[in-house]
Amino acid sequence: MVPKHSYSLLFCIFLLLNHHCATATFNYADALEKSILFFEAQRSGQLPATQRVTWRGNSGLSDGSSNQVDLVGGYYDAGDNVKFGLPMAFTTTMLAWSVIEFGNMMSGQLDNARAAVRWGSDYLLKAATATPDSLYVQVADPNQDHKCWERPEDMDTPRNLYRVTTQNPGSDVAAETAAALAAASMVFKDSDSAYSAKLLQAATKVFDFADRYRGSYSDSLNSVVCPFYCSYSGYHDELLWGASWLHRASEDTSYMSYIQSNGHTLGAEDDDYSFSCDDKRVGTKVLLSKGFLQNRIDAFEVYKVHSDNYICSLVPGSNGFQSQYTPGGLLFKGSDSNLQYVTCTTFLLFTYAKYLTANGGSISCGSTTVSSKDLISLAKKQVDYILGQNPAGTSYMVGFGNRYPLHVHHRGSSLPALRDHPGRISCNDGFQYLYTGSPNPNLLVGAIVGGPDSGDGFSDDRNNYRQTEPATYINAPFVGALAFFAGNPNVRH
């Protein structure tokens with residue numbers, strides 16, 4: 001009989017074989033503050049007096065006016081000036097989930113984290129309620145936007161509006177919007193009950209719209225959302241994800257019934273090994289596993305089983321292991337913005353560890369026993385890699401540590417700020433700043449870039465968008481992960 005192994009020993013052996021088992025201590029509270037600050041650099045709309053990223057100015061102040069609706073506000077997703085609904089909604093969901101699970105560890109950053117959630121939920125509330133039987137899911141044509149390199153304050157590209165309707169459905173983006181509004185309602189339940197109720201009411205209506213008029217927004221809107229944010233996973237995952245958040249936020253038993261009746265069709269019994277702004281299957285299983293672990297809801301046991309399978313896929317040397325790690329120990333899922341998968345995975349590891357700890361649970365991966373402490377250890381290695389404990393000795397969070405990317409693929413950061421260059425910089429004139437070898441003039445503090453390749457290689461080149469472009473949905477789950485360590489500074493491997 002093969003003896004039971006400790007996961008920690010297995011992973012340390014794995015890292016030793018790859019010559020990277022040193023330890024490091026970081027100022028996680030500083031990293032948390034900076035990770036939240038990044039969202040202020042991504043704001044669209046009328047900036048408040050409390051705005052801390054002062055090189056940014058107002059932008060997109062007429063968004064929605066072509067349809068006589070107000071779509072001012074929200075976030076630019078990454079390094080361009082488009083407001084994409086699917087990643088913005090996922091960003092808001094993950095920011096809210098970070099606050100829900102780890103807000104009590106955020107100390108002086110809780111108000112800033114709530115403000116980041118609200119900047120997203122305010123916009124999504126507008127998008128969901130502006131026109132009956134419709135959801136606005138995008139502002140600007142990315143094909144036109146990407147032909148220019150402009151500051152958001154200068155942009156003169158078309159601010160076209162795109163929506164899903166009963167005739168041109170988008171269950172994926174609508175259900176994700178419902179999830180975001182529901183999760184955000186939990187964040188504000190105690191501090192602003194009226195706003196919380198409004199968010200939950202909108203979430204209920206948007207979810208009903210998503211479920212009643214089924215279809216993928218990739219089919220309805222095609223070239224303006226693909227290949228940028230295609231819903232490659234379809235819309236079943238978002239329907240189950242949205243229902244799960246409404247179940248948790250509302251405690252309405254009808255959502256429990258929905259999950260029980262539709263779970264099989266929507267993927268409850270499928271194993272999946274990636275969590276991202278496109279694919280919510282694993283996130284849903286972890287979210288619902290709490291119902292089994294904490295409340296012993298038998299109908300949710302299947303989600304605990306598949307959450308365990310997901311965890312086992314991440315553990316080197318265990319039965320079920322099927323993940324790829326770089327020689328330096330970074331989880332690797334894809335060459336385009338790999339850190340989005342790392343931060344999402346890390347968040348799930350911390351969250352599942354929290355659920356297990358609260359209920360005395362553990363995971364058996366064949367002959368390997370995995371405890372909540374082991375999940376934290378695995379997650380910490382990913383967090384520390386991003387912050388600088390890696391073969392390159394560089395932080396992949398801008399402005400954190402002594403060495404970090406300086407040529408970030410980001411229009412606002414790479415172009416002179418309005419205060420330094422008050423004159424307009426036109427569409428084509430901006431490209432000189434894209435191609436210059438000089439560092440970005442405006443430090444995009446807190447931004448996590450796409451990150452290194454499968455061999456730990458990284459090229460700090462502004463035109464190398466796969467590695468140097470930041471995104472809100474990379475940062476959002478990392479806020480929760482950093483909050484865990486900011487609140488538990490003495491946690492070690």
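## The largest pocket

The structure is a predicted model, in which local features need pLDDT of at least 70 and side-chain atom pairs count only at pLDDT 80 or more, while totals for chains, interfaces and linings use all residues. Residues are numbered from 1 along each chain as its sequence is written, and side-chain values use heavy atoms, with hydrogens and water left out.

The volume of the largest pocket is about 900 Å³. Its lining has 37 residues, and those closest to the centre are P227, F228, Y229, D336 and Y473. A pocket is defined on a 1 Å grid over the protein atoms alone: it is an open set of points where a 1.4 Å probe fits, with protein on both sides within 12 Å along at least five of seven lines, and lining residues have an atom within 4 Å of a point. Grid points are joined across faces, edges and corners, and a volume is the space filled by probe spheres set on the points. By class, the lining comprises 19 nonpolar, 9 polar and 9 charged residues. Here Ala, Val, Leu, Ile, Met, Phe, Trp, Tyr, Cys and Pro count as nonpolar, Asp, Glu, Lys and Arg as charged, and the others, Gly among them, as polar.

## The second largest pocket and the sheet

The second largest pocket holds about 300 Å³ of space. Two or more residues of its lining come from each of α4 (110–129), β3 and α7 (193–212). Helix α7 gives the most, with 8 residues. The lining has 16 residues, and A128, D133, S134, K205 and V206 lie nearest the centre of this pocket. The classes are 7 nonpolar, 4 polar and 5 charged.

Strand β3 also belongs to an open sheet of 3 strands, arranged in the order β2-β3-β4 with antiparallel pairing. Two strands pair if DSSP finds at least two bridges between them. The edge strands, β2 (83–84) and β4 (161–165), each pair on one side only. Between β2 and β3 (residues 134–139) the antiparallel pairing has 2 bridges, and F84 has Q138 of β3 as its bridge partner.

Apart from its neighbours within four places in sequence, F350 is in contact (heavy atoms within 4.5 Å) with F102, I376, A379, K380, V383, A481, F484 and F485. F350 and F484 are 134 residues apart along the chain, yet their C-alpha atoms are separated by 7.7 Å.

## Aromatic pairs around Y396

Rings of Phe, Tyr and Trp (its six-membered ring) pair if their centres lie within 6.5 Å; planes under 30 degrees apart count as stacked, over 60 as edge-to-face and the rest as tilted. By this rule there are 28 aromatic pairs. Y385 and Y396 are stacked, because their ring centres are 6.4 Å apart and their planes lie at 15 degrees. This pair links distant parts of the chain, with Y385 in helix α14 (residues 372–387) and Y396 in the loop between α14 and α15 (411–414), 11 residues apart.

Y396 also forms an edge-to-face pair with F458, at 5.1 Å centre to centre and 70 degrees between the planes. F458 lies in the loop between α16 and α17, 62 residues from Y396. Y396 is buried at 0% relative accessibility, whereas F458 is partly exposed at 23%.

## Backbone exceptions

Most residues other than glycine have a negative phi, and most peptide bonds are trans. C226 and P227 are joined by a cis peptide bond, with omega about 5 degrees. P227 lies in the loop between α8 (217–221) and α9 (236–250).

The loop between α8 and α9 also contains N222, which has a positive phi of about 45 degrees although it is not a glycine. N222 is partly exposed, with a relative accessible area of 48%. D456, likewise not a glycine, has a positive phi of about 70 degrees. D456 is placed in the loop between α16 and α17 and is buried, with a relative accessible area of 10%.

Conventions
Helices (H or I, at least four residues) and strands (E, at least two) are DSSP runs, numbered from the N terminus. Buried means under 20% relative accessible area, exposed over 50%, partly exposed in between (1.4 Å probe, protein chains only).
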